[in-house]
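Subject: Structure for your review

Dear colleague,

Please find below the structure I am handing over to you. My findings follow it.

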Amino acid sequence: MNIQNFPNSQPNQSIGETIVSDVIVNVCNDNVARRARVREHVNPLAKKYSTAIAPPIWEEVYGDWSQPLSLDIGCARGRYILQMSQLKPDWNFLGLEIREPLVDRCNQVRDELELKNLHYIFCNANVSLAGLLPKGSLQEVTVQFPDPWFKRRQQKRRTVQPDLVVTLAELLVPNASVLLQSDVFEVAEDMRQHFEVNDNFVNMAGAGSFADESVFPSHVPTERESSVISQGLPVYRAYFRRK
Ligand SMILES: C[S@@+](CC[C@H](N)C(=O)[O-])C[C@H]1O[C@@H](n2cnc3c(N)ncnc32)[C@H](O)[C@@H]1O
């Protein structure tokens, strides 16, 4: 059991003292509702997350695959793209999440709402993204409040790594948007620096600067973002464009 002292970790008293970093969610498999234990954080470098998944047939996933595609990496319960997909029905939305029960639940909600422009995939984005989508198929990517992994020896578990930025440079079309957010200054700065050192991206707020919330006019807050804002805590945002 990996118990990290992350700021968003809430001890879950209802499931006992030995599982303090897990949460219980309702999931549904084969039309049988059940409650499943979902780990609060998983180690993306663990062996079981090291195999790349095969891409689906995208034309069968979305009602209209020719629509612009927005990718949310680390979508958790998927509420952000659930809302965005309804606000922007002429776009497709894809969420990647490493905790499988959350993905099962997200896709069930998607089906119940009969949304044809929304899809969630269980995978390790750092392992699977490169082979998942055709080059030049993405118009937008968001990485919002990724797990912070504070300890220096664990920072290689963070989602935004140089290889991920290289992959995104291949997948994003020219002029595509990149929104990065965190309530942890050092994590936001780490993400911003990884994009700034890659020549394919330009920081719209100017090198070394964070952006204000007005940069993303159609943006709705993520679950973590709402929680942070309601506590009066700062959010650090960086906004890039693919050159
Ligand atoms: C702190 S949550 C933020 C959720 C959401 N973006 C928000 O702002 O409310 C970070 C999410 O990223 C997921 N995650 C972490 N590493 C990942 C990886 N390598 N691939 C896919 N998802 C990952 C975690 O399981 C978790 O659900």
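To begin with the strand pairing, strand E7 (residues 172-182) and strand E9 run antiparallel and are joined by six bridges. One of the pairings sets Gln 181 against Arg 237 in E9. Please note that this is a predicted model.

Strand E9 also pairs with strand E8 (residues 201-203), again in an antiparallel arrangement, through three bridges. Here Phe 201 stands opposite Arg 242 of E9. Of the seven residues of E9 (residues 236-242), five are buried, so the strand is largely enclosed by the rest of the structure.

The largest nonpolar core holds 43 residues. Those touching the most other members are Ile 81, Leu 96, Leu 138, Val 141, Ala 188, Met 191 and Ala 238. Leaving aside residues up to four places away in sequence, Ala 238 is in contact with Leu 180, Ala 188, Met 191, Arg 192, Phe 195, Asn 203, Phe 210 and Ala 211. In soluble globular proteins, nonpolar side chains tend to be buried together.

Turning to the ligand, 21 residues surround it, and the closest are Gly 74, Ala 76, Ala 125, Thr 222 and Arg 224. Two or more residues of this shell come from each of strand E4 (92-97), helix H4 (125-132) and helix H7 (223-230). Helix H7 contributes the most, with three residues. By class, the shell comprises eight nonpolar, seven polar and six charged residues.

Yours sincerely

Definitions and conventions:
Residues are numbered from 1 along each chain as its sequence is written. This is a predicted model: local features need pLDDT of at least 70, side-chain atom pairs count only at pLDDT 80 or more; totals for chains, interfaces and linings use all residues. A residue is near a molecule or strand if its C-beta atom, placed from the backbone, lies within 6 Å of it. Helices (H or I, at least four residues) and strands (E, at least two) are DSSP runs, numbered from the N terminus. Ala, Val, Leu, Ile, Met, Phe, Trp, Tyr, Cys and Pro count as nonpolar, Asp, Glu, Lys and Arg as charged, and the others, Gly among them, as polar. A residue is buried if 20 or more other C-beta atoms lie within 10 Å of its own, exposed if 12 or fewer, and partly exposed in between; C-beta atoms are placed from the backbone. Two strands pair if DSSP finds at least two bridges between them. A nonpolar core is a set of buried Ala, Val, Leu, Ile, Met, Phe, Trp, Tyr and Cys residues joined through C-beta atoms within 7 Å. Two residues are in contact if their C-beta atoms, placed from the backbone, lie within 7 Å.
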